[in-house]
Amino acid sequence: MHTAHFRPLDVESIRKDFPIFATEPPLAFLDNAASTQTPRPVVEAMDAYYDTYRSNIHRGIYRISEEATEQYERAREKIAQLINAPRTRQIIFTRNTTESINLVAYSWGSANIREGDEIVLTVMEHHSNLVPWQLLAQRTGAVLRFLEITDEGLLDFTQFRDVLTEKTKLVAIGHVSNVLGTINPIQSVTEAAHAVGAKVVVDAAQSTPHFHVDVQQLDCDFLAFSGHKMCGPTGIGVLYGKLELLEEMPPFLGGGSMIRSVERDVSSYAELPAKFEAGTPSIAEAIGLGHAADYITQANLAAIHVHEQELLKYAHQRLKEIEGITLYGPSAPHQKMGVISFNMEGIHPHDVAGVLDTHGVAIRAGHHCAQPLMKRLDVIATARASFYLYNTIEDVDRLYDGLCRTQKLMTRRKQ
Amino acid sequence: MNIYQEELLDHYENPSNYGTLPNPDISHEEDNPLCGDQIRMDLLVEDDKIKEVRFCGHGCTISLAAASMLTEKIEGKSLEEVKQLSKDDILDMVGIPLGPVRIKCALLGLKVLKAGAYGINCWPGEEE
């Protein structure tokens with residue numbers, strides 16, 4: 001990321017927007033790659049919907065329904081701006097990244113993937129960008145091929161030329177690994193994929209919340225992310241797609257809102273984006289997501305990124321002081337995002353997380369929905385700390401202290 | 001109450017009946033896909049009573065300590081008595097409050113035992 005002009009983050013005032021940090025000592029919340037906290041302005045925007053204009057959107061012929069429609073569609077505009085989508089109707093609201101990817105796999109996939117076609121994935125994919133393609137391959141007889149990673153946890157790009165052939169119809173890749181933090185070179189991937197006529201789906205769940213994602217610059221065909229990892233509520237996610245693709249694609253779910261007219265046996269479908277938004281959507285959540293986009297934009301995504309890099313550098317340095325610790329992923333902080341996966345010798349990661357919890361430090365432990373990556377790393381599970389805009393150097397210190405205590409407690413007699 | 005207390009840590013560090021049996025009457029292994037914990041139980045059964053039991057595997061403190069305690073509890077018991085063991089028996093035995101995630105760690109040993117001895121494949125407490 002280049003160094004754009006920005007004010008550094010005012011973390012102290014940001015933290016005041018999050019009542020969960022008001023305790024003393026404050027919760028050290030380091031599980032942001034799983035889900036982030038929600039600031040007051042986002043909660044208040046959703047409250048305002050429930051308190052003052054609660055109604056269904058689109059066909060209501062009364063004032064509050066019109067307001068709900070306006071706010072829902074305003075949220076779509078905000079998201080289009082956030083990722084620089086050329087047209088607002090290229091933004092489809094879904095439940096989450098997983099649903100967005102499934103939408104592509106069912107709708108685009110079923111119409112375009114045939115027996116013998118190849119779908120290229122990476123070994124570091126989250127299950128949400130793996131299992132939908134496995135299901136598609138099983139339905140169609142397509143073949144999955146995998147890009148490997150280096151021991152450093154970087155995408156092995158040399159292998160890309162061998163794996164990518166004219167049989168390749170699709171490349172599905174995470175922008176940032178939820179386990180290693182590795183930032184993948186999406187622009188190079190889309191260039192190479194488009195050169196053989198393949199489409200590219202980007203799982204941007206771990207990137208959109210943390211730096212400026214520009215779909216036109218990436219030139220990806222589809223991009224998916226979730227609201228709840230970017231200060232928004234749960235139950236709302238986004239699918240972006242290139243216009244000509246979305247327009248050609250058959251509907252995913254059928255029902256209300258997605259139709260133009262319905263006969264007994266056939267229907268014609270609504271224009272984008274309604275074609276892909278069957279049924280009453282998550283209205284409050286979409287409005288909340290729009291305000292979350294405002295929130296991180298106002299905080300400044302470039303400043304958020306710099307702040308997280310500082311925390312990451314400091315955490316790398318502190319954690320390396322601990323004897324018997326293994327850090328996974330790129331060792332150079334600039335090649336990765338604020339995610340640190342690690343293991344402590346002789347201690348199960350669940351115990352690491354369990355002891356940390358008793359010290360007010362929340363981290364995740366497990367396979368992080370990336371079992372093929374766990375196999376590649378030759379581990380059963382890892383512990384993972386991940387940062388966001390409200391985290392502080394003190395949070396990292398508490399993590400470090402907690403890890404030292406964990407080690408002391410769990411290896412008392414082995415010393 | 002802290003889940004990392006003395007008794008559990010003792011069982012974790014010096015588990016009872018850890019290992020395998022050369023010719024077990026019953027041998028069964030299962031894992032908890034949530035955390036990758038894996039436990040195997042070997043049983044020697046004589047006159048319908050558990051004569052010897054060994055367990056092995058890998059996992060967190062809770063799963064290994066609970067399995068270790070369970071082997072102590074069932075030695076000499078009849079298979080019918082083992083079948084009657086419930087989720088609550090395990091929780092009483094472990095003696096600390098556990099949340100919905102870690103509870104499965106504690107129950108893994110009993111799940112392996114019941115699956116191996118009776119083909120009961122669900123989590124204790126989730127029967128029916």
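In the predicted model, the C-alpha centres of domain 1 and domain 2 of chain A are 28 Å apart, with domain bounds taken from an automatic or database domain assignment. Domain 1 of chain A comprises 11–30 + 300–410, and domain 2 of chain A spans 42–297. Their contact (C-beta atoms, placed from the backbone, within 7 Å) involves 24 residues of domain 1 and 22 residues of domain 2. On the domain 1 side, at least two residues each are supplied by α11 (301–320), β12 (339–344), α13 (371–377) and β15 (382–386) of chain A; α11(A) gives the most, with 5 residues. Helices (H or I, at least four residues) and strands (E, at least two) are DSSP runs numbered from the N terminus. By class, this side of domain 1 has 12 nonpolar, 8 polar and 4 charged residues, where Ala, Val, Leu, Ile, Met, Phe, Trp, Tyr, Cys and Pro count as nonpolar, Asp, Glu, Lys and Arg as charged, and the others, Gly among them, as polar.

Between the chains, the contact takes 12 residues from chain A and 11 residues from chain B. Helix α12 (residues 349–358) of chain A provides the largest share of the chain A side, 5 residues. That side divides into 4 nonpolar, 6 polar and 2 charged residues.

The model scores ipTM 0.80 and pTM 0.92. For chain B, the mean pLDDT (the predictor's confidence in each residue, from 0 to 100) is 90, and 97% of residues reach 70 or more.

Residues are numbered from 1 along each chain as its sequence is written, and chains are lettered from A and ligands numbered from 1 in the order in which they are written. As this is a predicted model, local features need pLDDT of at least 70 and side-chain atom pairs count only at pLDDT 80 or more, whereas totals for chains, interfaces and linings use all residues.

Methods: Contact = placed C-beta atoms within 7 Å.
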